[in-house]
Amino acid sequence: MMEELCYSALDLAAIISGMGLGCRAKADFLERVWEGERPFLQKMYRENKRQLILDVNYWLTYLGDKPAIDAEFPIIQKDALALGNELPADAYVGDCSGLDLFFKNTRLRILYGSGKDYVRIKRRTLMARYGYKRLSPTLVEHFNRCTYFYHLQPYVRDWVECNIEETEIDEMIIFRAK
């Protein structure tokens, strides 16, 4: 299995925080993910539901308070330097904008979210959201790897199966779980 594509607690927290769920709905969502996606969880969580829930809740708290925490980071960094330690900013102040997160989010929303059984997005929007300007062979390979790993099938209008590299830049891509 491709461990780097497995769901981390931070991935799940970012997805849940983007869904705007209430407390009970978050717990139900995590329960459904635990039951249905266990092979896709990072190895440390596959047999430890309690740790998964604790870590997801930790990251949910962090993401909820992220602006305040990030605003205080320079003071914390200065204090650490005064004590002879170094805190690299990129390790603590960052976001969850990896392209993998889009595919993780897409799968979980389709299978366990409420509502639609598909997610749609223009190729231009998808690429721009994650900082890509052109569709390189490496990016195409990564798209294909993620759609295969997360069992997602891309379609274009009228539910015609497609490969992402064959779509036009402003064409709507529709993802469904296989």
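Biologist: Why does Phe103 count as buried?

Modeller: Its relative accessibility is 0%. Buried means under 20% relative accessible area, exposed means over 50%, and partly exposed lies in between, with a 1.4 Å probe and protein chains only. The value of 0% falls under that limit, so Phe103 is buried.

Biologist: What kind of model is this, and how are its values taken?

Modeller: This is a predicted model, in which local features need pLDDT of at least 70 and side-chain atom pairs count only at pLDDT 80 or more, while totals for chains, interfaces and linings use all residues. Residues are numbered from 1 along each chain as its sequence is written, and side-chain values use heavy atoms, with hydrogens and water left out.

Biologist: How many helices and strands does the protein chain have, and in which pattern?

Modeller: The protein chain has 7 helices and 4 strands. Along the sequence they follow α-α-α-α-α-β-α-α-β-β-β. Helices are DSSP runs of H or I with at least four residues, strands are runs of E with at least two, and both are numbered from the N terminus. Of the 178 residues, 38% count as buried.

Biologist: Why is the pair of Phe102 and Phe175 called edge-to-face?

Modeller: The ring centres are 5.7 Å apart, and the planes stand at 70°. The distance is within the limit and the angle is over the edge-to-face cut-off, so the name applies. Phe102 lies in helix α5 (residues 99-112) and Phe175 in strand β4, so this pair ties together parts 73 residues apart in sequence. Phe102 has a relative accessible area of 6% and is buried; Phe175 is buried at 0%.

Biologist: What class of pair do Phe103 and Phe143 form, and which helices does that pair tie together?

Modeller: Phe103 and Phe143 also form an edge-to-face pair, at 5.9 Å centre to centre with 70° between the planes. Phe103 is in α5 and Phe143 is in α7 (residues 137-149), so the pair links parts that are 40 residues apart in sequence. Phe143 is buried, with a relative accessible area of 1%. Phe102, Phe103, Tyr130, Phe143 and Phe175 form one aromatic cluster.

Biologist: How do you know that the length of α7 agrees with its number of residues?

Modeller: The expected span of a helix is 1.5 Å times one less than its number of residues. For the 13 residues of α7 that gives 18 Å, and the end C-alpha atoms are 18 Å apart, so the two agree. Among the buried residues of α7 are Leu139, Val140 and Phe149. The cover over its buried residues includes α5, α6 (123-129), β2 and β4. Just after α7, His151 takes a positive phi of about 55°.

Biologist: What makes β1 and β4 a pair of strands?

Modeller: Two strands pair if DSSP finds at least two bridges between them. Strand β1 (residues 119-122) and strand β4 (residues 172-177) have 4 bridges in the antiparallel sense, so they qualify. Strand β2 (residues 152-156) pairs with β4 over 4 bridges, also antiparallel. Phe175 in β4 stands opposite Val119 and opposite Pro154. The 4 strands form an open sheet in the order β1-β4-β2-β3. Why are β1 and β3 (160-161) called edge strands? Each pairs on one side only.

Biologist: How do you know that Arg176 lies over the face of Trp159?

Modeller: A charge sits over a ring if NZ of Lys or CZ of Arg is within 6 Å of the ring centre and within 35 degrees of the ring normal. Arg176 is at 4.4 Å from the ring centre of Trp159, and it is listed as lying over that face.

Biologist: Is Leu30 buried or exposed, and which residues does it touch?

Modeller: Leu30, in helix α2 (residues 23-37), has 8% relative accessibility and counts as buried. Contact means heavy atoms within 4.5 Å. Not counting residues up to four places away in sequence, Leu30 touches Leu12, Ile16, Ile53 and Val56.

Biologist: Why is Gln51 called partly exposed?

Modeller: Gln51, in helix α3 (residues 49-82), has a relative accessible area of 27%.

Conventions: Phe/Tyr/Trp six-rings, centres within 6.5 Å; stacked < 30°, edge-to-face > 60°.
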